[in-house]
Amino acid sequence: MQEPSKNLLRADMLGRRQNLPPETVRADSARILERLMSEDRIRLARSVMLYMPARNEVDTWPLLEHFWARGSEVLLPRCCDGRQGVMEAFAVSSPAELGPGCFGLVEPLPEAALRVTDPQPEIILVPALAFDRRGYRLGFGGGYYDRFLPTLACRPLLVGPAYAFQLVDTLPTEPWDHPVHLVVTPEETLHTLAEPHQ
């Protein structure tokens, strides 16, 4: 699939997500959260990297509250000013450390949150517009996660939360793509072939 076709798929998936009714977002996010919390290695993780939901993405706020209550390290990405496709990890311990960021996202405030230069999360929730059944993802095209993941010294479990329509049979891949190990929808938890040995 060439880039124009990818862009058409991005536009289709984004449009479908943005048109979800609020009650569907709430109900599906809650069911996805239940599935995530049924995985011991996710629920009990001591360090996680999440994302802040925007434009009807699967809601991650309950996860932040769960891990803050557990005393786990919660990392969130922040796009680097003036460096296209580059993001850094910040440890965030309360909503007061969050504020407006790039692309209309909520991000860690650099003057409030702690930048972590050698992040070692056990779990990373990876946002995407679509995933396929092998774990490959269709992102927004900025390459932020594709650049960030190879910089990690650890081997975290990569998890893709998705609405049912965002899970497709196959997506085009590039050599630098990093498939996720779990795709979690309201209906199923898909363990991909990329999943590391436990």
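Analyst: Helices here are DSSP runs (H or I, at least four residues), numbered from the N terminus, and axes are lines fitted to C-alpha atoms over the stretch in contact, with angles from 0 to 180 degrees between N-to-C directions. This is a predicted model, where local features need pLDDT of at least 70, side-chain atom pairs count only at pLDDT 80 or more, and totals for chains, interfaces and linings use all residues. Residues are numbered from 1 along each chain as its sequence is written, and side-chain values use heavy atoms, with hydrogens and water left out.

User: At what angle do H2 and H4 pack?

Analyst: H2 covers residues 22–37 and H4 covers residues 61–70. Their axes lie 10 Å apart, and the packing angle is about 35°.

User: Which residues of H4 make that contact?

Analyst: Contact means heavy atoms within 4.5 Å. H2 brings Leu-33, Leu-36 and Met-37. From H4 come Pro-62, Leu-63, His-66 and Phe-67.

User: Is Cys-79 buried or exposed?

Analyst: Buried means under 20% relative accessible area, exposed over 50%, and partly exposed in between (1.4 Å probe, protein chains only). Cys-102, at 21%, counts as partly exposed. Cys-79 has a relative accessible area of 8%, so Cys-79 is buried.

Notes. Helices (H or I, at least four residues) and strands (E, at least two) are DSSP runs, numbered from the N terminus.
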